Structure formats: C-alpha cells, structure tokens
Amino acid sequence: MTVGFVSIIGAGPGDPDLWTVRAARRIAEADVVFYDALTDAAGLVGRTSARCFSVGKRAGERGVCQQTIHELLIRTARRGKHVVRLKSGDPFVFGRGAEESIALAAAGIPFEVIPGVSTAIGAPALAGIPVTHRGVASGLLVVSGHRPEILRGVLSGVRPGRLTVVVLMGIARRPDVVASLVECGWALETPTAIVTAAATTAQEVWTGRLDTLISAECGLLPGVIVVGDVVGVREIVGRFAGQTAATVGVRRGGS
Ligand SMILES: C[S@@+](CC[C@H](N)C(=O)[O-])C[C@H]1O[C@@H](n2cnc3c(N)ncnc32)[C@H](O)[C@@H]1O
C-alpha cells in the first residue's frame, strides 16, 4: 500500500511573506492543502497547484470537527498524496498540531512539523512591542483566554511584574481576562495592548491600561492581548513598525 506524507505547517500570523522558506517549498510541492480559517487562503493562489480545502472554523462558528480533520489527513495521505496541513501561527501553540501529529502517528502516516511565527510573538513584534526586554520583562507567559477557569489557574502560578502575558483567544473574553489578572495581583495601571489582524492590511493596534482593556474598541477580528511594561517600549519602537528599506527610500548599495 502506498503511504503518503503530511507536512503540518505553521503559516505565521497572516502575510505569506512570513512563511518560512521550508513552508513555502512544501506548499509549492504539495498535492493537497487543508487550511485553517485564520490562514490567508488568498495567499495560496499562485504559490501552489495543490487542491486547497478550508477546514477551519472561527470562534463560535460550526466548522469541520477535529476528528474529521484527522480522518481527512489520514485518508488523503493513504492515497499516496503529499498533504499539507496549514495552520495559523505555529502549529504547536494553541494550534492542535500535537493532536494531529498523534493521530497521524497512531495511523502509521509519516509526517513532519514545520514551525511558524506564532502570533503570540509575531503580532506584538509587528506592532513594535518586544515580548521581552532587558530590565523590563525577563519572561513571557502565553495563555489562552478561551477558558477563564484554566486562565486563572495558570496566572495564579506566576508573580506579577517582570513578565509579559500574551493572551490568545481572549478578545471576546476581556472581562474574564481582566478579572483573572487583577485577582492574581496585576495592577490596574499595567500597560496593555491589543493587536488585531496582525500581518494583514486590516492590522490595528490599541494601547491602554488593564483597567481600560474592556472598553477598548477593537472589533471582531482575531487578536492578541499583551499585558506588561513592554507595551511602553512601543512608544519608541512602534514609530518604525511597518517601514522597510524601500519605503524610507534606501536602495541596495546605498548612494
Ligand atoms: C486557535 S489560536 C491559534 C494560534 C496560532 N497557532 C499561533 O501560534 O499564533 C487562534 C488565536 O490566534 C490569534 N491570532 C491568529 N491570527 C492572528 C492575527 N493575524 N493577528 C492577531 N492574532 C491572531 C488570536 O488570538 C486567535 O484567537
């Protein structure tokens, strides 16, 4: 029996420019691509001749269930195909990449995992916010805001202060996120940011404090919440966000 191959790939936050070289190569070579809702489907056009299928769902929507995705990957690979499973950010950061890897391993399907730029780090960076900064934050905690009771359990294990907290899947749950942080000792004045639709043309950045997070106008696009003093660094670094050598008029070789 022919056994195919599955490449589980992190697509980064949005723009295909942030795919790794290896990811781009595998996508170009693939027979079939199954992509998530938060990956840039338009970005696949012209970059692969594979058949591309959406298997994603946005929060609160019905979509293809996880078990069905496992079956699709296994069934397609068993037809001898090179399958790409394309996920937003990094497959192993709240991406269910491990579940899919375990399902493939159990089915005896060879696979690889290609890391991507997680939005936990990439979205703040694109907004001019470093997640660590010497003398300001010497650690990073990445949490999901999806389940408040779990969030609280994780936060209760760390001392507020020289640490940055990045919350994924937390935009719609901001009241719970703020309540959990405050309950665990975070000051209401803590600098806080929201970066939505990072690496897309719709990217927006809000900055404020923990006590103004709930009232921040940030729409319904996917976003990350950044809590900690590193948000203040954006005042300097953020001024340069989005610029390139070309946009500031620097040409190769200099003048
Ligand atoms: C299911 S998690 C996937 C995380 C992904 N594996 C990663 O490493 O970034 C979905 C969450 O990622 C974040 N996200 C995804 N795309 C984003 C983007 N372009 N800008 C900001 N946040 C994004 C949001 O917090 C969203 O709720």
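User: What should I know about numbering and confidence before I start?

Analyst: The model is predicted, so local features need pLDDT of at least 70 and side-chain atom pairs count only at pLDDT 80 or more, while totals for chains, interfaces and linings use all residues. Residues are numbered from 1 along each chain as its sequence is written, and side-chain values use heavy atoms, with hydrogens and water left out.

User: Let's begin with a helix. Which residues of helix α3 are buried?

Analyst: Buried means under 20% relative accessible area, exposed means over 50%, and partly exposed lies in between, with a 1.4 Å probe and protein chains only. Helices (H or I, at least four residues) and strands (E, at least two) are DSSP runs, numbered from the N terminus. In α3, which spans residues 97–107, the buried residues are Gly 97, Glu 100, Ser 101, Ala 103 and Leu 104. They are on the same side of α3 because they cover an arc of only 165° around the axis; that arc is taken from the directions from the helix axis to the C-beta atoms. Ile 102 and Ala 106, on the other side of α3, are exposed.

User: What covers the buried residues of α3?

Analyst: The cover includes β1 (5–10), α2 (66–78), β4 (82–87) and β5 (111–114). For a view from α2, take His 70, which is found in that helix. His 70 has a relative accessible area of 11%, so it is buried. Contact means heavy atoms within 4.5 Å. Leaving aside neighbours within four places in sequence, His 70 is in contact with Glu 99, Glu 100 and Ala 103.

User: Is Val 177 buried or exposed, and which residues does Val 177 touch?

Analyst: Val 177 counts as buried, at 1% relative accessibility. Not counting residues up to four places away in sequence, it touches Gly 145, Leu 151, Val 167 and Gly 170. Val 177 and Leu 151 are 26 residues apart in sequence, yet their C-alpha atoms are 7.7 Å apart in space.

User: What does a positive phi tell me to look for?

Analyst: Most residues other than glycine have a negative phi. Two residues other than glycine to look at here are Phe 94, with a positive phi near 45°, and Ala 199, with a positive phi near 65°. Phe 94 is in the loop between β4 and α3 and is partly exposed, with a relative accessible area of 45%. Ala 199 is in the loop between β8 and β9 (204–209) and is buried, with a relative accessible area of 17%. Glycines can be checked too: just after α3, Gly 108 takes a positive phi of about 75°, and α6 is followed by Gly 185, whose positive phi is near 100°.

User: Now the ligand. Which residues come nearest?

Analyst: A residue is near a molecule or strand if one of its heavy atoms lies within 4 Å of it. Of the 18 residues around the ligand, Asp 90, Val 93, Ser 118, Thr 119 and Gly 223 come nearest. By class, the shell has 11 nonpolar, six polar and one charged residues. Ala, Val, Leu, Ile, Met, Phe, Trp, Tyr, Cys and Pro count as nonpolar, Asp, Glu, Lys and Arg as charged, and the others, Gly among them, as polar.
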